[in-house]
Amino acid sequence: MPEPAGRTSERQAAIGFVSLGCPKNLVDSERILTQLRAEGYAMVSGYGEADLVIVNTCGFIDAAVEESLQTIGEALDANGRVIVTGCLGTRAEEIRGKYPKVLGITGPHAYEEVMALVHEQLPAPHDPWTSLIPPQGVKLTPRHYAYLKISEGCNHRCKFCIIPSLRGDLVSRPLNEVVAEAERLVEAGVRELLVVSQDTSAYGVDLKYRTDFVGGKPMSTRLASLAKALGDLPAWVRLHYVYPYPQVDQVIPLMAEGAILPYLDMPLQHGSERILKSMGRPAATEKVLDRLAQWRQDCPELVIRSTFIVGYPGETEQDFIELLDFLREARLDRVGCFTYSPVNGAAANALPDQVPEPVKEERLERFMEVQAEISAAKLAQRKGQRMIVLVDETHEEHVIARGPGDAPEIDGQVIIQGSWDVQPGDFVEVDIKGNDAHDLYASMVGEDNT
């Protein structure tokens, strides 16, 4: 059993850390870990080796809540000394009711509160020394890519979502602070910056797009200015969680110029205007289609990924058919789809005409059949193209890489046959030879294996 707090020991105080949930949560975990390392705590991978365990939870959907609660229980069983933070921490009474022995609970992005709880239970080994941590901080991603969180919270009130109740309204980070972090990451070897937030398009709205100074130059705090500043760095810049607002029009030329990647992760959620209105989301699907067409005209290489929900309360067969029609017209490159799942505290739970589970699953299957054909056709168009890709992994007989249209962990891969003297983080040029349902197959430029 771990020794009680306040003990005297020559062994370095050790923390176990579990990070659950989305990339935004991952950034929160990285910030906490960076502070822990700065104060001299050791990080360990096993519960049994730790003096206490921190669990950064997710509370977005019921499955995530269940995973978070299960992880807290596992940590308590294996270690006995657990601090809980993250989105599920906003439901402290529920956690206390199930696990009364947790040492402390905080909500999301509560870095100072987490550190205060750690100090209560396990005093810092010594005063912080910046030499204990790298300039870019502690990262949980591979060395060659990193998530760059530009804001917290969200101003929207989508009926299926509880993010505002978990993380509050939109709070944008200062432009110069974001760019400075990006510069440190790139200097440390990061070759791809993945820009994330709850609503990336709304960056700067809460600050009234105030003027900030980057490199001594005045710049407006808005997405286009941020993209331009990041585009000056020697790294890929990929935008996630972007909504089809007019201000995105200003970013597309930067993609066409090659300043940032021609890629948008744009959660659209549905194609029926009636369902979109019921969700509390912008419902002008025709305008979305027009905007997509204009963006593709301005930047033909643009890749768009999106996510959708089927089986939302009140969704009729006609609504679902409209969604399929939207898919066929939008011809998105990458698409994820989920059946509607009630979330504790979401307004959608009270809506009438809940869709039966078998109908949800049947619609999900039909949806994916339609999108699979579209995605396969989009990938097939890449055959014969020459492409710059970023190496993720190297193996004896092949190399795993990603192209400009592939975000890590959620999109496809570019598989390069053969053994090559390359390392993760290298950019290489390849010829696309073929594809399957999700991935591209390629050879190194100059390789004679046609």
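This is a predicted model: local features need pLDDT of at least 70, side-chain atom pairs count only at pLDDT 80 or more; totals for chains, interfaces and linings use all residues.

**Burial, spaces and rings**

User: Is Ser-278 buried or exposed?
Analyst: The relative accessible area of Ser-278 is 18%. The scale calls a residue buried under 20% relative accessible area, exposed over 50% and partly exposed in between, using a 1.4 Å probe and protein chains only.

User: How many of the nine residues of helix H7 are buried?
Analyst: Helix H7 covers residues 223-231 and is largely enclosed by the rest of the structure. The elements that cover its buried residues include strand S6 (145-149), helix H6 (175-187) and strand S9 (192-196). Among the buried residues of H7 are Leu-223, Ala-224 and Gly-231, and the count of buried residues in the helix is eight.

User: How much space lies in the largest cavity?
Analyst: On a 1 Å grid over the protein atoms alone, a cavity is a set of points where a 1.4 Å probe fits but cannot get out, whereas a pocket is an open set with protein on both sides within 12 Å along at least five of seven lines, and lining residues have an atom within 4 Å of a point. Grid points are joined across faces, edges and corners, and a volume is the space filled by probe spheres set on the points. The structure holds one cavity of 30 Å³ or more, and the space in the largest cavity is about 60 Å³.

User: Which residue, with its charged end, sits over the ring of Tyr-209?
Analyst: Tyr-209 is among the residues that line the largest cavity, as are Arg-222 and Gln-247. A charge sits over a ring if NZ of Lys or CZ of Arg is within 6 Å of the ring centre and within 35 degrees of the ring normal. At 3.9 Å from the centre of the Tyr-209 ring, the charged end belongs to Arg-222.

User: What is the phi of Tyr-209?
Analyst: Most residues other than glycine have a negative phi. Tyr-209 is partly exposed at a relative accessible area of 27%, and its place is in the loop between S9 and strand S10 (211-214). Its phi is positive, near 55°.

User: How many of the residues that line the second largest pocket are charged?
Analyst: This pocket holds about 500 Å³ of space, and of its 25 lining residues the closest to its centre are Glu-301, Leu-302, Val-303, Asp-333 and Arg-382. Ala, Val, Leu, Ile, Met, Phe, Trp, Tyr, Cys and Pro count as nonpolar, Asp, Glu, Lys and Arg as charged, and the others, Gly among them, as polar. The lining divides into 12 nonpolar residues, five polar ones and a charged group of eight.

User: What is the angle between the planes of Tyr-243 and Tyr-245?
Analyst: Rings of Phe, Tyr and Trp (its six-membered ring) pair if their centres lie within 6.5 Å, and planes under 30 degrees apart count as stacked, over 60 as edge-to-face and the rest as tilted. By this rule there are six aromatic pairs. Tyr-243 and Tyr-245 form a stacked pair, with 6.0 Å from centre to centre and an angle between the planes of 25°.

User: How far apart in space are Leu-327 and Gly-271, C-alpha to C-alpha?
Analyst: Leu-327 is in helix H11 and counts as buried at 0% relative accessibility. Its contacts, beyond residues up to four places away in sequence, include Phe-308 and Phe-367. Leu-327 and Gly-271 are 56 residues apart in sequence, while in space their C-alpha to C-alpha distance is 7.6 Å.

Conventions: Residues are numbered from 1 along each chain as its sequence is written. Side-chain values use heavy atoms; hydrogens and water are left out. Helices (H or I, at least four residues) and strands (E, at least two) are DSSP runs, numbered from the N terminus. Contact means heavy atoms within 4.5 Å.
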